[in-house]
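Me: I have a model open and want to go through its packing. Take me through it in short questions and answers.

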Amino acid sequence: MIEVKNFTKKYGKHTAVDNLSFRVERGMIYGFLGPNGAGKSTTMNIMTGYIAATGGTVRINGYDILKEPGKAKKCIGYLPEQPPVYQDMTVQEYLRFSAELKRVKKSERREQLESIMEQTQIADVKDRLIKNLSKGYKQRVGLAQAIVGYPEVIILDEPTVGLDPKQIIEIRTLIKELAKKHTVILSSHILSEVSAVCDHIMIISKGKLVASDTPEGLMTLMKGGRQLELGVCGREERLREILENIPAVKDFTVESGRADGECRAVIRTDAEADIRRELFYWLASADMPILQLGLSEKSLEDVFLELTQEKPDDVLAEAAPGTDGSEQSEEAPDTDSSEENEEAPGTDGSEQNEEAPGTEAAEEDSDI
């Protein structure tokens, strides 16, 4: 479906995306996850043909996005972080205009637009000016625009930013519905959003792909082992003896608890080992009542932080002489910047509208 191979994007001396490669298969929801400034939106803009890569290739259904942009863009529906809507149009006028740009057949436009408005739940506001709509409805209108023409791939850049909890749930539900007929790529830095809707997660940090797997696979990959938190009544020395006699225990720490006669331990084992039953019998035979026994496993948040945290060498490099001000300048090219958002379709001028994914020259006399 989509093949990204060795592509790089540089802004002067700053590398926003560094030799990135991945594949997107049909019929799945992909989460593109990373901290602010990681290069997510730059990657999205390159995949959709808004900006050119410094090097590498992007193929959509076998079409090179630079060499065959018309054919490649027909396969893509794109919702930038800021919905590319015309404020002084009604919802219906705007979607009709989008259908014209995407060359949807005249005989199919009315039926398709009515179906899309029902699907995105904006049929009840179709005759209202977009500027008078709430942010949640504007987001839905932008999403409806991305669906027009029924492209194979829907790319959504931060689709729930600025929405209230109810609107976020509604957009997530809509994304899951879209996945029944489309491949969806969802860019976000909100971990709960990605884990709630995505089948596969790609994590990007400092322009590089650092992980690509299912949510469960990522947590298994990064788990490395289990960790038990134990609280008992008894002597530290006796608890140490018991833990040393359990083969699956890799290491542990024991310390006195807050109350007299209480001690606590943190126990680490292999990932596949579960010693809770064995530990219970050992402690029972030693007359050491269990006050607390909990299994601690890494969450997606833990995985994300571990994969994207700065290493000491990176911190030292940033603090090197002659780099004053570089941090601020390096963040400027981030894809969340206003300069690149201004390049989104429909935000200013007809030339940008002509570059929208899946859009070619508009047909004349194209009223529904």
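Me: Which residue stands opposite Y63 in strand 5?
Reply: This is a predicted model, in which local features need pLDDT of at least 70 and side-chain atom pairs count only at pLDDT 80 or more, while totals for chains, interfaces and linings use all residues. Residues are numbered from 1 along each chain as its sequence is written, and side-chain values use heavy atoms, without hydrogens and water. Strand 4 (residues 55–60) and strand 5 pair in the antiparallel sense over two bridges; strands are DSSP runs (E, at least two residues), helices likewise (H or I, at least four), numbered from the N terminus, and pairing takes at least two DSSP bridges. The residue opposite Y63 is I60.

Me: Which strands stand at the edges of the sheet?
Reply: The sheet is open, with four antiparallel strands in the order 2-1-4-5. Each edge strand has a single partner, so one side of each is left without a neighbour in the sheet. The edges are strand 2 (14–24) and strand 5 (63–64).

Me: What angle does helix 1 make with strand 1?
Reply: Helix 1 (residues 40–47) packs on the sheet and touches strand 1 (2–11), strand 2 and strand 4. Contact means heavy atoms within 4.5 Å. Axes are lines fitted to C-alpha atoms, for helices over the stretch in contact, and angles run from 0 to 180 degrees between N-to-C directions. For helix 1 and strand 1 the angle is about 120 degrees.

Me: Are helix 5 and helix 6 roughly parallel or roughly antiparallel?
Reply: The axes of helix 5 (residues 135–147) and helix 6 (residues 165–178) come within 11 Å and cross at roughly 10 degrees. Under 35 degrees counts as roughly parallel, over 145 as roughly antiparallel, 65 to 115 as roughly perpendicular, and the rest as oblique. Helix 5 and helix 6 are therefore roughly parallel.

Me: How is helix 9 oriented to helix 10?
Reply: The axes of helix 9 (residues 236–244) and helix 10 (residues 276–285) come within 11 Å. They cross at roughly 140 degrees. The two helices are therefore oblique.

Me: Which residues of helix 10 meet helix 9?
Reply: Helix 9 brings L239, I242 and L243 to the contact. From helix 10 come L279, W282 and L283.

Me: What kind of aromatic pair do F22 and F32 form?
Reply: Phe, Tyr and Trp rings (six-membered for Trp) pair with centres within 6.5 Å; planes under 30 degrees apart are stacked, over 60 edge-to-face, the rest tilted. F22 and F32 lie 5.8 Å centre to centre, with 45 degrees between the planes. The pair is tilted.
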